[in-house]
Amino acid sequence: MTTTQERGPWPPGPRRPVPAAVADVGGVLARMRDLDAALPAGDGVAVFNRVYLTVTEAVVRRIEDGGFADPGAAGELDLCFARRYFAAVDAAAAGRRPPACWRPLFQLRRHPGVRPLQFALAGINAHIGHDLALAVVDACRALECEPPDLEGDFDRIGVVLTGLEERIRESLMPGPDLLDIADPLTHIAGSWSLEMARDAAWAAARMLWGARRLPEVAEEFAERLDASVGLVGRCLLTPLN
């Protein structure tokens, strides 16, 4: 049971019955589709948004097909996860600073020297490297459970992500052939690992949950996580021409 003393640096999401959490994932898809329609195709945020939409559609299909042990918990985690991205989008649209992990993408979203795959990787880095850990904590608070209770469905979502990763990378390559080994994008694309980012996010979630009764410690850890993920994002978005 969550108490006021347990609250850390995360705004807790509104509690809702489990079936509503599943149904509300449809609202997540609608918001992503609205963004896809509104943003210019070459915009860096639009590139990531299309990737995220593809992933979310796959997760929703798996929820609907009974591919999760607890569809309600999986839906809640998906909602908490998406809210972090939407908060960054809304902050940038309102002229406010998004979290540090998102700033490189929003600052360089129209840079002509940054390629689509870089935009996609930078967005995935921000969302997995930072937002996912906090979303696990958000979901645990909303569901009144512990991180181990979500671990199975966390891993099942990871299977969906892994299955789509290679297809996403290939779709954003600059040509039909494999990248030349001398192309800097080859090295940038190979420098970031989804599997390692997911493992780190799970470890960070457990750390944040364990520190929830020490809000100053949890807040400092979250801030440093945000900054370090932002630094990686800046490197991923190094202009190539």
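This is a predicted model: local features need pLDDT of at least 70, side-chain atom pairs count only at pLDDT 80 or more; totals for chains, interfaces and linings use all residues.
Reader: Which residues do ring pairs link into a cluster?

Author: Residues are numbered from 1 along each chain as its sequence is written, and side-chain values use heavy atoms, leaving out hydrogens and water. Rings of Phe, Tyr and Trp (its six-membered ring) pair if their centres lie within 6.5 Å, and are stacked with planes under 30 degrees apart, edge-to-face over 60 and tilted otherwise. Linked by such pairs into a cluster are Phe48, Tyr52, Phe81, Tyr85, Phe86, Trp102 and Phe106.

Reader: How many residues apart are Phe48 and Trp102?

Author: Their rings form an edge-to-face pair, 5.4 Å centre to centre with 65 degrees between the planes. Both are buried (under 20% relative accessible area; exposed is over 50%, partly exposed in between, with a 1.4 Å probe and protein chains only). Phe48 is in helix 2 (residues 44-64) and Trp102 in the loop between helix 3 (71-93) and helix 4, a separation of 54 residues. Helices here are DSSP runs (H or I, at least four residues), numbered from the N terminus, and the answer stays at 54 residues.

Reader: Why does the pair of Phe154 and Trp202 tie together parts of the chain that are apart in sequence?

Author: The pair is tilted, with 4.8 Å centre to centre and 50 degrees between the planes. Phe154 and Trp202 are each buried. The pair ties together parts 48 residues apart because Phe154 lies in helix 6 and Trp202 in helix 8 (residues 194-210).

Reader: Which ring does Arg31 lie over?

Author: A charge sits over a ring if NZ of Lys or CZ of Arg is within 6 Å of the ring centre and within 35 degrees of the ring normal. Arg62 does this at Phe68, 5.8 Å from the centre. Arg31, at 4.8 Å from the ring centre, lies over the face of Phe86.

Reader: Is Glu144 buried or partly exposed?

Author: Glu144 lies in the loop between helix 5 (116-143) and helix 6 (147-171). Its phi is near 55 degrees, a positive value in a residue other than glycine. At 38% relative accessibility, Glu144 is partly exposed.

Terms used: Helices (H or I, at least four residues) and strands (E, at least two) are DSSP runs, numbered from the N terminus.
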